[in-house]
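Q: Please take a close look at the ligand site, and then follow the chain on into the strand beyond. How are the parts placed?

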Amino acid sequence: MAGTVGMKVAQPEDERLPKRPKKAEEAIAQAKRAKLLLLSSAKGGSTKTTTARNLAVAAAHVGLRVATIDLDLQATLTNWWQKRPDDAPKIDHYQMPIEEAEAALADAMKGSGLDLFIVDTPPGVENHPSAMRALIRLADFVLMPTTQGGPDLDSVIEWWSQTVKREGRPSAFLLSRTKRSAKSYQEARQRLIKHGPLCPFDCRDLEEVQRTHYNGLGILEVRGAAGQDDIQGVWAYVAREIGLEG
Ligand SMILES: Nc1ncnc2c1ncn2[C@@H]1O[C@H](COP(=O)(O)OP(=O)(O)O)[C@@H](O)[C@H]1O
Ligand SMILES: [Mg+2]
């Protein structure tokens, strides 16, 4: 009879177990949920795609399960990913139209088993404003790359103040393809910092960075290449901001 008693006792006790508080459920779901890093600027040529792939490589090399998402019909990121060597740390990849991205990603972030989605966006944001805003709202961090050139700064500052800032998500400017010895470098830093957060590291204008497009690599995967400290710095900043450090 002891066994029966045991069973009888076990059953009601299980039923009486308090349900997990809703907050705890949310915390667990949040912990399992992939993070979303959005590369966003209003202009082509501001280094969104290059930054996306170099940060994806940085994430993969610290053991994170990462996917790149290409929303640009020009498919530059997809072309890079297709050339990625088989023995390089794995990066998953998806390509989809920007209009479908928010719904697909909101779903995938919950159940993908991945740690991080890095989303590369197309130029011409004015063509799909509501899709862009929905993606910004979904993002855990919005990184807005720009060169130090005046028109690029005008454009990214307007994009930030008119759109990104209004959605209230964590975000920062990133100076990229920089020429640090030019006067415009410090001027650009000062100008950006007056408007919003600025990533404390920038990525210099380096041929090696361009070349890695053709072999599916990130700058961190080219032995002795210049620019590795730049990417490591940007990654360290983004990883902490998005909550993936360590
Ligand atoms: N740090 C860098 N040094 C040199 N060239 C770069 C660097 N970052 C990007 N580029 C080059 O600048 C151009 C635009 O970059 P890309 O990432 O395609 O911008 P976007 O995706 O915003 O249009 C490309 O030719 C790319 O190879
Ligand atoms: Mg691009």
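A: A residue counts as near a molecule or strand if its C-beta atom, placed from the backbone, lies within 6 Å of it. The model is predicted: local features need pLDDT of at least 70, side-chain atom pairs count only at pLDDT 80 or more, and totals for chains, interfaces and linings use all residues. Residues are numbered from 1 along each chain as its sequence is written, while chains are lettered from A and ligands numbered from 1 in the order in which they are written.

Around ligand 1 there are 17 residues, of which Lys-48, Thr-49, Thr-50, Val-209 and Gln-210 come nearest. Two or more residues of this shell are given by each of α3 (48-61), β6 (171-178) and α9 (207-211); helices (H or I, at least four residues) and strands (E, at least two) are DSSP runs, numbered from the N terminus. The largest share, three residues, comes from α3. By type, the shell has four nonpolar, 10 polar and three charged residues, where Ala, Val, Leu, Ile, Met, Phe, Trp, Tyr, Cys and Pro count as nonpolar, Asp, Glu, Lys and Arg as charged, and the others, Gly among them, as polar.

Thr-47 is in the loop between β1 (35-39) and α3. Its phi is near 80°, a positive value in a residue other than glycine. Most residues other than glycine have a negative phi. Thr-47 is buried, because 22 other C-beta atoms lie within 10 Å; the term buried requires 20 or more other C-beta atoms within 10 Å of the residue's own, exposed 12 or fewer, and partly exposed a count in between, with C-beta atoms placed from the backbone.

Next comes strand β2 (residues 66-70). Five of its five residues are buried, so β2 is largely enclosed by the rest of the structure. Val-66, Thr-68 and Asp-70 point one way from β2, and Ala-67 and Ile-69 the other way. In a regular strand the side chains alternate between the two faces of the sheet.

Two strands pair if DSSP finds at least two bridges between them. β2 and β4 (residues 116-120) pair in the parallel sense over five bridges, with Ile-69 opposite Val-119. β2 also runs parallel to β3 (residues 91-95), joined by five bridges, and the partner of Asp-70 in β3 is Gln-95. From β2 the chain crosses through helix α4 (residues 76-82) to β3 in a right-handed β-α-β crossover, right-handed meaning that, with the strands pointing away from the viewer, the path from the first strand over the helix to the second runs clockwise.

Ala-75 lies in the loop between β2 and α4. Its phi, near 60°, is positive in a residue other than glycine, and Ala-75 is partly exposed, with 16 other C-beta atoms within 10 Å.
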